[in-house]
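This briefing is for a reader who is new to the structure shown below. It begins with single residues and then turns to a helix, the chain contact and the salt bridges.

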2 protein chains.
Amino acid sequence: MALGEFDLIERFFRQRAVKHAVASVALGIGDDCALLNLPPGTQLAISCDMLVAGRHFFPDVKPAHLGHKALAVNLSDLAACGAQPLAFTLALSLPAIDEAWLQGFSDGLMALADEHHCALIGGDTTAGPLNICITVFGSVPVPGRKQPSSEPQGNSQALLRSGARAGDDLYVSGTLGDARLALDVLQGRLPLSTTSNAAAPATNGVPSAVFAAARLRLECPTPRVALGLALRGVANSAIDVSDGLLGDLAHILKASGCGACIETDIAIDLLASCQHPAMTDSLFSLNTEQRQDYVLAGGDDYELLFTAPPACSAAVQAAAQSSNTRVTRIGRIEAEPGLRLIDAQGQALNGRFASFDHFG
Amino acid sequence: MALGEFDLIERFFRQRAVKHAVASVALGIGDDCALLNLPPGTQLAISCDMLVAGRHFFPDVKPAHLGHKALAVNLSDLAACGAQPLAFTLALSLPAIDEAWLQGFSDGLMALADEHHCALIGGDTTAGPLNICITVFGSVPVPGRKQPSSEPQGNSQALLRSGARAGDDLYVSGTLGDARLALDVLQGRLPLSTTSNAAAPATNGVPSAVFAAARLRLECPTPRVALGLALRGVANSAIDVSDGLLGDLAHILKASGCGACIETDIAIDLLASCQHPAMTDSLFSLNTEQRQDYVLAGGDDYELLFTAPPACSAAVQAAAQSSNTRVTRIGRIEAEPGLRLIDAQGQALNGRFASFDHFG
């Protein structure tokens, strides 16, 4: 490599890491280990995600978007636990030292880190196929904790997958399915409008403005950190939607030992692309089955899927408002294992998502 | 992938992780985040290393050795800080699900984790070029700490690179250079004896028994965790020797703002291969320059290089004994910047390592 590891960190990552005067960071980059002080009365939440070129992103993705996304998917895991971001490590395998790429990547990465006061405290760089591995650290209050608890979770306020109870309402933040729609356009499974005249309605594919907005959802997801924090003490369970709504819901149902019912007519309205003015003005549209696919099994949404008792519905709305995040009730948790999809009339849905016997 | 991520963790990594009933682990694998309680009066030490096939290991290395080494290099960083291992995350990119490979890899990995009571608490698995990224967590006492300190390191007992002072003795643990000797054999830069008759002296290359022992040092390094813990409050500074003795010493000198003098005749005796009975019985031998190369600039040793005031020499020996780890004084720290190499008579060494002006 033309640039040594230390030069690389110094030049692209170090000076900005210093900006993060996070009280918890006793020692950042530059020794064998970083040293982190945990705020009193808290425990550490840790998550780790590895992104591989060709699998998690296209090799030609804008480097700033990739830097953003690499941290965003990790912050999304903290959000799903209701953890306050503290710090992260970055391990980077690079096929070559491309300074323009590194500048863009670190710009995107560090801007999101700054936004969340999340300090880069260490990591590793090496030559090899492009691979980005971030481990992120956050804190979760454990009220009244003075001694290490022998109970697994003590009084931790962490939001877990296992806390959903029959009768809970099921909510999701933001919108769903647009990332997958963008992926389908990028991979040629969905046509892109070839009309370049913005005044003329596009008739032959996804309008470019819709695709651009959806692509931002795919490449620059917003981790719902503020909502996750606001849901501590309100939500019973939470997960971030990375594999698709139904797949991630299955994790909650399995961990909590219950089932769920989803009102699909409400859910499919969460595909923002269909509400986009350019789409509603267009003669091109998606059919119901496509919209269901995107919303229920899209993936890469990085929204929070969570449950709360009906008595907490006002508190959920308050959390949504305080975090400036849209929240929609899409169904309920039921004692009976399995997943049921119903339409606006409460009738069981017949179709490809009607039966999910392996759920619950 | 034939095996999903959850199946893979469940089958190869999960059941053994449960064995680690580490009090600090509030929640392990299976949620969006792991949750870790820090023992009271400690801070968290964090290190991260990424290993890439073809760069850090040969693709055909024994999987159990690779699993061992992937964790060992991280534990070595904890050792260099004097941190007690607590837990680790594992991110794994695999070109294919090879169950025999995974079994071997997890055997080696988890055996070392068990030995150090270090719990696997989370991670990620994905398809992609073989890449192993481990982030490890340990604890370091911060005596008297009740509130988060505004001072960077507070009263932390962590061993840092920056604490070396003029007059300190310079020590290294174990032996040096054998990993590099093995690498040179594997890459054809050093001949391997072709004599298969053990009774006949090998005359044409490194005896196979010497190579086998050296290869174990390369592929199965021993992290000096117990020594690092025993050196808390004794050593002024420490680093683990991963890039080579001189290169890693340079990090201490730069961070501490001082220079050093190394007694090379003592140092080159640390090449265990030359003391191996098969080597001393052999007509094959390494010349002084080769031995210096291996010891001073070999790399992949994962020994501890550390400094301590002369008044602590008995305490250093006690730490060596209590941790059952050989420790050798190889020189001293000096106020004058730069590195000086001297022979047994105290004369400055002339040769390729005589001058390291960029040190200090």
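His117(B) is exposed, with a relative accessible area of 56%. The model is a predicted one, and in it His117(B) sits in the loop between helix 3 (99-115) and strand 5 (119-127) of chain B. Its phi is near 50°, a positive value in a residue other than glycine.

**Backbone angles in loops**

- Most residues other than glycine have a negative phi.
- Asn324(B) has a phi near 55°, which is positive although the residue is not glycine.
- The loop between helix 12 (313-322) and strand 11 (327-334) of chain B holds Asn324(B).
- Asn324(B) is exposed, at a relative accessible area of 74%.

**Helix 11 of chain B**

- Helix 11 covers residues 288-297 of chain B, and its buried residues are Arg291(B), Gln292(B), Tyr294(B), Val295(B) and Leu296(B).
- Among the elements that cover these buried residues are helix 4 (178-186), helix 7 (245-256) and strand 12 (338-342) of chain B.
- Asn287(B) caps the N-terminal end of the helix, with a side-chain oxygen 3.1 Å from the backbone nitrogen of Glu289(B).
- Just after the helix, Gly299(B) has a positive phi of about 95°.

**Chain A as a whole**

- Chain A contains 12 helices and 12 strands.
- It has 360 residues, and 58% of them count as buried.
- Of the contacts in chain A with a separation of 6 or more, 82% are between residues 24 or more positions apart.

**Where chain A meets chain B**

- On chain A, 60 residues are in contact with 59 residues of chain B.
- The two chains bury about 4700 Å² between them, with 58% of this on carbon and sulfur atoms.
- Asp32(A), Ile46(A) and Met50(A) supply 15% of the area that chain A buries against chain B, more than any other three residues.
- Between the chains there are 19 residue pairs in polar contact.
- Elements that give two or more residues to the side of chain A that touches chain B include helix 2 (63-81), strand 3 (42-52) and strand 4 (84-94) of chain A.
- Strand 3 of chain A gives the largest share of that side, nine residues.
- By class, that side has 33 nonpolar, 17 polar and 10 charged residues.

**Salt bridges**

- Side chains of opposite charge can pair when their charged atoms come close.
- The structure holds 28 salt bridges over all chains, and four are found across the interface of chain A and chain B.
- One of them pairs Arg161(A) with Asp31(B), with the closest N and O atoms 3.7 Å apart.
- Arg161(B) forms a salt bridge with Asp31(A), where the closest N and O atoms are also 3.7 Å apart.
- Arg161(B) lies in the loop between strand 6 (131-141) and strand 7 (169-173) of chain B and Asp31(A) in the loop between strand 1 and strand 2 of chain A, so this pair joins two chains.
- Arg161(B) is buried at a relative accessible area of 9%, and Asp31(A) is buried at 15%.
- Within chain B, Arg224(B) forms a salt bridge with Glu303(B), the closest N and O atoms being 2.7 Å apart.
- Arg224(B) is in the loop between helix 5 (208-219) and helix 6 (225-230) and Glu303(B) is in strand 10 (residues 303-308), so the pair ties together parts that are 79 residues apart in sequence.
- Glu303(B) counts as buried at 0% relative accessibility, and Arg224(B) counts as buried at 18%.
- Salt bridges that share partners join Arg332(A), Glu334(A), Glu336(A) and Arg340(A) into one network.

Note on methods: Residues numbered from 1 in each chain as written. Chains lettered and ligands numbered in written order. Predicted model: local features only at pLDDT ≥ 70, side-chain atom pairs only at ≥ 80, totals over all residues. Heavy atoms only, no water. Helix = DSSP H or I, 4+ residues; strand = E, 2+ residues; numbered from the N terminus. Buried < 20%, exposed > 50% of the residue type's maximum accessible area, 1.4 Å probe, protein only. Contact = heavy atoms within 4.5 Å. Buried area = accessible area lost by both parts, 1.4 Å probe. Salt bridge = Lys/Arg side-chain N within 4 Å of Asp/Glu carboxyl O. Polar contact = N/O pair within 3.5 Å; in protein donor to acceptor, adjacent residues only side chain to side chain. Nonpolar A, V, L, I, M, F, W, Y, C, P; charged D, E, K, R; others polar.
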